[in-house]
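Dear colleague,

Please find the structure below, followed by a short account of what was found in it.

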Amino acid sequence: MSAAPAAAPAAAPDQQQPTFRGVFGFIGGAVANAVSTTFIVLVVAAFVAQHVLDAKKTIMDAKTHSPEVVLARMLARFEAGSVIPRFEKYHVSRPDAVAMLQGVLRPSLLKDYTVVIGEVGCGKTTAVHDAIRANSTGIVYHIVKSEVLVSMPGLLARSLAFEPNQFTFTEGYLKDRGVELDEVTSAAEPFKSWVLLSLILRDVAQQFKTKHGHPATLVIDAVDEIAQQGPALLHAIQDFAKAAADEQLLNVVLVTCDGSNLPELKASSAMTRARIAEVSDITDEQAVDFLLHRGVNEDAAKRAVAEIAGGRFVLLNRLTKQLGRGQQVNQIFEEFREDTADSLQRLIDDLALYNATSAVHKSLCDLTHGALHIDIVHRALGKDLTKKLLATHINILAYHPNDTYTLHSRHVQRSVAALLNCTRP
Ligand SMILES: Nc1ncnc2c1ncn2[C@@H]1O[C@H](COP(=O)(O)OP(=O)(O)OP(=O)(O)O)[C@@H](O)[C@H]1O
Ligand SMILES: [Mg+2]
């Protein structure tokens, strides 16, 4: 078998199609030249640009980091005021509560700071928003969410348009304000951030007052979220609020749903300057109207308000949903009654409540008919039991700033009356 002819050896690359190579070599060279020139130009341009940007950034940094610019931005935030979103759903108008809060937000004479209290879901946040929305000039509003405590001062700073990392707290700055540098550096968070923020806040408050002739207002809503994680930061904020009121520098308004500590807090030094304002429930008539606007039929609306919700928004919202699903008022009340019975049961285990002295029994029954002065309740129930009944997870008693207690809500009144067999007066 003759061997197949060997394939022609591949031509050496430089022997291939010389014309083509020449043309492509030329083009390739030209392209390579152009690319490398462009590359060099680009590198030089980037280098120059970077330099220019760096120089510009240094100038910008110097500008944004200068104390004057940082303070001016915060001052502008106070002057413009916080933007409050519009209320979307059917809105119950509460002119009295809103007028009261407007007085709190713009006091004619700043003598004290204010703690606004009201039961969970009674409409505090909404009423405060209503009071600010019409004219927010001079008012910064901040709401504490369920953030971890260490983030609180940083988030408040954001609401105040203060960027802590853009401000250098020099030793001199701190000394001028009576604070030693190591006092600050050795403090743990969130106190370190809070102290620095509070110093800046004082400066801006002073500028605002000098410029406008009256103090600005800072509202911190839902401070109960802070208190839940330990009272120390809230106390520091209260001390600041008290000092600011003493010096007529800044009107601080704290909003809380946790009245359970107020009788004691009132006795503490920072509370002596606190004025307590209460947002209460809407009237039964308004509540029925609210349910009618939410599509509940008139009969169910009247019974639901009279027997369960009264004028408590959070309950009215829940009822709207449950009635909308076809549940009956009786059925829903039964769920509430069981919750109250459980809460009481937990206390009974500690305190043998059902075997309670007739004094305990009598005052709880008296409370099913209306408010009692705190002294009467403390005497009958003892401070320990009173405190337990006030706790937000128990929700049997509610404290009011006119130094009275009531039962927590309409359904609790009815449940306690049923559980303790209270007779009508
Ligand atoms: N004036 C109003 N008209 C209609 N709905 C309202 C009104 N006020 C409050 N609500 C509704 O009731 C619910 C509770 O209101 P809001 O959050 O203002 O109460 P709150 O007292 O601030 O509650 P919390 O104790 O949880 O902070 C919300 O769903 C809100 O939309
Ligand atoms: Mg609220």
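Which of the 16 residues around ligand 1 come nearest? They are Gly123, Lys124, Thr125, Thr126 and Phe313, where a residue is near a molecule if its C-beta atom, placed from the backbone, lies within 6 Å of it.

This is a predicted model, in which local features need pLDDT of at least 70 and side-chain atom pairs count only at pLDDT 80 or more, while totals for chains, interfaces and linings use all residues. Residues are numbered from 1 along each chain as its sequence is written, and chains are lettered from A and ligands numbered from 1 in the order in which they are written.

Helix H4 (124-133) and helix H14 (313-324) each supply at least two residues of the shell around ligand 1. Helices (H or I, at least four residues) and strands (E, at least two) are DSSP runs, numbered from the N terminus.

The model also has an open sheet of 5 strands, with parallel pairing and the order S2-S3-S4-S1-S5; two strands pair if DSSP finds at least two bridges between them. Strands S2 (139-143) and S5 (274-278) stand at the edges with a single partner strand each, so one side of each is left without a neighbour in the sheet. Within the sheet, S1 (residues 113-117) and S4 (residues 250-256) pair in the parallel sense over 4 bridges. Ile117 stands opposite Thr256 in S4.

Yours sincerely
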